Amino acid sequence: METAPKKAIERLQLKRLKHMIDYVYWRSAFYGRKFREMSLHPLDVNSLDDIRKFPFTTKDDLRRHGYPHGGEFLCVPREEVVCWHMSSGTTGVPILGGYTRRDYDAWMNLMARCYVTAGVRPGDVIMNIYSYGLFTGGLGFHESAFLMGATVIPWSTGRTQALIKSLIDFKATVMTGTPSYQYYIASLVKEMGIDVEKDLHLRITMPGAEIWTEEMRKRIEEWLGLKAKGGGARDIYGATELCGPGAGQECIYERGFHFWIDHFLLEVIDPKTGEPVEPGEEGEMVFTSLVKEATPLVRYKLGDITVLDDEPCECGRVAFPRCLRVRGRADDVIHYKGVKIMPSTIQETILRHKEILEYQVVIDKSKLPYEFVVKLEVPRTEHSSALIERILNEFKNNLFIEPKVEIVEPGSLPRFEGKSKRVIVKE
């Protein structure tokens, strides 16, 4: 499947899309009502482009109509649902995803596909540091590893010093986890003076579940010695609404994650107009489930901003387009004095400077004048007015703002074992 020709995958997509629209028309109370109100019928689907006739689905739709057991989105009897997972990053009513036995098996197979795509092989020892529980990460990475013959250490988060010791003692070759936690572990490894070539066997990490940047990748790969062992830090993509992690995976060439379009029909649209953008143009990801049974979604707006690259990849997965690393979410954009700023752009600007160990940005819009404070952890030996001047100039030239820059003591800013909160906005 992974190396199938593009035309074969497109034929499979259309077959599955026709089935899915018919399936939700008759089984989903939400879609049945919505489609009838718009005079839409399953017979209206004759090509992949016909998906544009159908309405978008939003997070608010899921919160209003999909909680707690799937609500109007549930397409099977409740007794056929073997488990639920829920979103980890929202407040209020959580986003929910349900699984039948077949859904769960399909998810595990996609996750195994991701492992192989990242370069994981039978016999690898995986340190799984995603959280176990309602969040999809821990269990998704854990059970799927058995399908491709790897060994799992089910660590989750916490006890980081002991985690590093176990990485060494068990000769772990793969590590999962959020990029923020991987970054923290890598910084401790560097601080502890561990010889990464001699004592650490890590070859591959699979960061996911939050926004990260190329600058952070470089640090993780360097501080853990991944490139020297022929590996790297390779982005995995997913969301509770899709299936959990496993909807896309970066291959060994590390030029964006391949999106598994045999399971999800992908559109990249202009978030303002809803119209498709061309490959190479920035847009919002929208997906339609092609095989899900319990809670399939049609034209679901993920909110994630990416750029589609449909050029054939050297790895041979020519039918599966690559999405350049997600830059942010449509609702993550920070509006400051008429300027729109992505948190990922802040990270790129700051981590470009090797002297900076960690950072925190506090944007206070609760009082006038607004404040934009950048706190930087820098070793005492690296303190300099020249560094502050460089940071200020880059913020002025790239983000068109002039922040207040503060140098703080190493270790004084928060570290993150889960999703990070480095940018704080006070409204």
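## A salt bridge between Arg352 and Glu394

In this predicted model, Arg352 forms a salt bridge with Glu394, and the closest N and O atoms of the two side chains are 2.9 Å apart. The pair links distant parts of the chain, since Arg352 lies in the loop between helix H9 (343–351) and strand S18 (358–364), whereas Glu394 belongs to helix H10 (residues 385–399), 42 residues apart. Arg352 is partly exposed, with a relative accessible area of 40%, while Glu394 counts as buried at 18% relative accessibility, a value that falls under the 20% cut-off for buried residues.

## Other salt bridges

A search of the whole structure finds 32 salt bridges. One of them joins the side chains of Glu10 and Lys7, with a distance of 4.0 Å from N to O. These two residues are three residues apart in helix H1 (residues 6–27), so about one helical turn separates Glu10 from Lys7. Glu10 is partly exposed, with a relative accessible area of 27%, and Lys7 counts as exposed at 59% relative accessibility.

Glu254 forms a salt bridge with Arg234, in which the closest N and O atoms are 3.2 Å apart. Because Glu254 lies in the loop between strand S9 (244–250) and S10, and Arg234 in the loop between strand S7 (232–233) and S8, the pair ties together parts that are 20 residues apart in sequence. Both Glu254 and Arg234 are buried, and both belong to a network of salt bridges that also includes Glu214, Arg217, Glu221, Lys227, Glu250 and Arg325.

## Aromatic pairs

A pair of aromatic rings is described by the distance of the centres and the angle of the planes. The search of the whole structure finds 23 aromatic pairs. In one of them, the rings of Tyr99 and Tyr104 have their centres 5.9 Å apart and their planes at 75 degrees, so the pair is edge-to-face. Tyr99 is buried, with a relative accessible area of 1%, and Tyr104 is buried as well, with a relative accessible area of 7%.

Tyr237 and Phe259 form a tilted pair, 6.3 Å from centre to centre and with 50 degrees between the planes. Tyr237 lies in strand S8 (residues 236–239) and Phe259 in strand S10 (residues 257–259), so this pair ties together parts that are 22 residues apart in sequence. Tyr237 counts as buried at 6% relative accessibility, and Phe259 counts as buried at 0%. Ring pairs link Tyr237 and Phe259 into a cluster with Phe257, Phe264, Phe287 and Tyr300.

## Charges over rings

The charged end of Arg325 sits over the ring of Trp212, 4.2 Å from its centre. Likewise, the charged end of Arg36 sits over the ring of Tyr25, 4.3 Å from its centre.

Key:
Residues are numbered from 1 along each chain as its sequence is written. This is a predicted model: local features need pLDDT of at least 70, side-chain atom pairs count only at pLDDT 80 or more; totals for chains, interfaces and linings use all residues. Side-chain values use heavy atoms; hydrogens and water are left out. Rings of Phe, Tyr and Trp (its six-membered ring) pair if their centres lie within 6.5 Å; planes under 30 degrees apart count as stacked, over 60 as edge-to-face and the rest as tilted. Buried means under 20% relative accessible area, exposed over 50%, partly exposed in between (1.4 Å probe, protein chains only). Helices (H or I, at least four residues) and strands (E, at least two) are DSSP runs, numbered from the N terminus. A charge sits over a ring if NZ of Lys or CZ of Arg is within 6 Å of the ring centre and within 35 degrees of the ring normal.
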